[in-house]
Amino acid sequence: MATARAAPRIFLGLDSSTQGLKVSAVDENLNTILTTAVNFDKDLPAFKTKGGVHDHGNAVVTTPTLMLPTALEVVMDTLKSSDFPFERVVAISGSGQQHGSVYWAKGARDTLRGLKADAPLAHQLRDAFSTPNSPIWMDSSTTKQCRQLEEAVGGAQAMADLTGSRAYERFTGNQILKIAQTSPKVFEGTERVSLISSAMCSLLLGDYAPIDNSDGAGMNLMDLRNQVWSDKITTAISPALKGMLGPQPVPGHTIVGNISQFFRDKYKFTPECRVVVWSGDNPNSLAGLGLRNPGDVGVSLGTSDTIFSIMDSADSKPGLEGHFFVNPVDPGSHMAMLCYKNGSLVREAVAKDVAAGSFDDFAKLIQSTQPGNGGNIGFFVHQPEIIPFIPVTGVRRFNAQGEPVAAFAPEVEARAVVEGQMLSMRLHKEKMGLKPKTIICTGGASQNPAITKILSDVFGVPVRAASQPDSASLGAAFRALHAVKCEEAGKFIPFAEVTANGPATQYRTVAEPDMKAHDVYTAMLPRYEALEKRVVESCQ
Ligand code: XUL
């Protein structure tokens, strides 16, 4: 007994991302005890995904919904086979790729409540979804619905004022409207719409879990200031929708219940194990990176590239670019963010072209060229881009005279892809009124010194990396700990207090800015902006 009581408590964080499902287990001091992951393409080949998704063409991108419970069970089985001490897990939370939606069929709640440990989750849930495919953040097929919903609330700026973002193709409300319009049977057969985050949480809970107000802000459905579903927008989609969304969104430190019988029976979680509401991957990364000061900016260089920071809610002024969400660890403040679709997959494609896929050689090519790239600028749009909206894919290259050119030399190409991405971040982040003092970087490309050096030079600030990777799953584990600490104290405790001494606050500097190079980029920015405008106009 005494030994069992003394055994350190464990907090689990999962990250259901575009390409896989990861788990981080941390102790009370926020040290990582273990991480493990399932890669959708490699480990679950039956779902035939590429990069975790099905690209149907015509800007339609989905993920097979049943892959989510399958991955959850596989990852838990992996933990079980390594004798993971499930009985020490005090709380579990998670992170989901933002905006993606899950459509639970009529009767699915009963199925969820009755899940039994003697059959695979996916088998028991085979009839639980009214459509087998979940539209995800890479989908950009809902431009018509975006304009329609903006019109219903009084225009794009009115939509931004109300929800924190103008209508974006990947945002869930626009996706739901498309389903209601083009697949009315699916819509009518749905009893609950979840985000990927809340769907995964529902699996752990064995019942429908609410949506948290941070991920909820990525739907174009939530009144950002009041943190409630907007009647105006939900009704414009369908009078039935509000009921399908479940209760009002909840703060990120909410305990939604205890873990379900399925997980207790199969893995020996204790009946007391708390399930903490899940949130989106970018909000969780913000938590995992320990951002706490308004000048701290997080940059995640992953499948998507995102740049985000905390903002006093009184200062957040949503415009026609970028997003404002509720801060996932402090419902009283906001999180400002920009998201680019053309992130690591584009860097990988260019590295494949110019360096046979070796990121070391890609870095060497970059290092053989000068900041500013001799005036050459490229726009690498492999997927329709969000910021700015570039719906027509293709690579556009311009020389120092602003003339279109068909190709760059390999080393120029390598620098051009990274400089273009970082210049765009700087340009559009400044338009949101934000100037970083420090950048805290995460994601695969944050390990590449040539890439972080350009990031640092473009912004003119040091770039630091967290001492542990996997910021989204770690952030989820930290939020699980935070929720338990708030529950134990019977009041809200600042997240920074809970994480104060943990490794989340220990960064190493990975790049220092060269201010001469920074000046080159500052001078280059108006040219970049003018060329960007040309590219955007050429798509209209
Ligand atoms: C954010 C976004 C992406 C996904 C990636 O708005 O669309 O960063 O969250 O998982």
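**Helix packing and ligand site in a predicted model**

Student: At roughly what angle do the axes of helix 14 (residues 281-288) and helix 19 (residues 471-489) cross?

Tutor: Helices (H or I, at least four residues) and strands (E, at least two) are DSSP runs numbered from the N terminus. Axes are lines fitted to C-alpha atoms, for helices over the stretch in contact, and angles between N-to-C directions run from 0 to 180 degrees. The axes of helix 14 and helix 19 come within 7 Å, and they cross at roughly 75°.

Student: What pLDDT do local features need in this model?

Tutor: Residues are numbered from 1 along each chain as its sequence is written, and side-chain values use heavy atoms, leaving out hydrogens and water. This is a predicted model: totals for chains, interfaces and linings use all residues, side-chain atom pairs count only at pLDDT 80 or more, and local features need pLDDT of at least 70.

Student: How many residues in the contact of helix 14 with helix 19 are charged?

Tutor: Contact means heavy atoms within 4.5 Å, and Asp281 and Asn284 are among the residues of helix 14 that meet helix 19, where Phe478 and Arg479 are among the partners. Ala, Val, Leu, Ile, Met, Phe, Trp, Tyr, Cys and Pro count as nonpolar, Asp, Glu, Lys and Arg as charged, and the others, Gly among them, as polar. The contact divides into 5 nonpolar, 5 polar and, as charged residues, 2.

Student: How is helix 17 oriented relative to helix 21?

Tutor: The axes of helix 17 (residues 410-431) and helix 21 (residues 515-538) come within 10 Å and cross at roughly 85°. Angles under 35 degrees count as roughly parallel, over 145 as roughly antiparallel, 65 to 115 as roughly perpendicular and the rest as oblique. The orientation of helix 17 to helix 21 is therefore roughly perpendicular.

Student: What share of the ligand's accessible area does the protein cover?

Tutor: The residues surrounding the ligand, each with a heavy atom within 4 Å, include Thr18, Trp137 and Met337. By the Shrake-Rupley method with a 1.4 Å probe, of the 290 Å² that the ligand has on its own, the protein covers 98%.

Student: Which residue does a cis peptide bond join to Ile387?

Tutor: The residue lies in the loop between strand 19 (377-381) and strand 20 (394-398). With omega about -15°, the cis bond joins Ile387 to Pro388.
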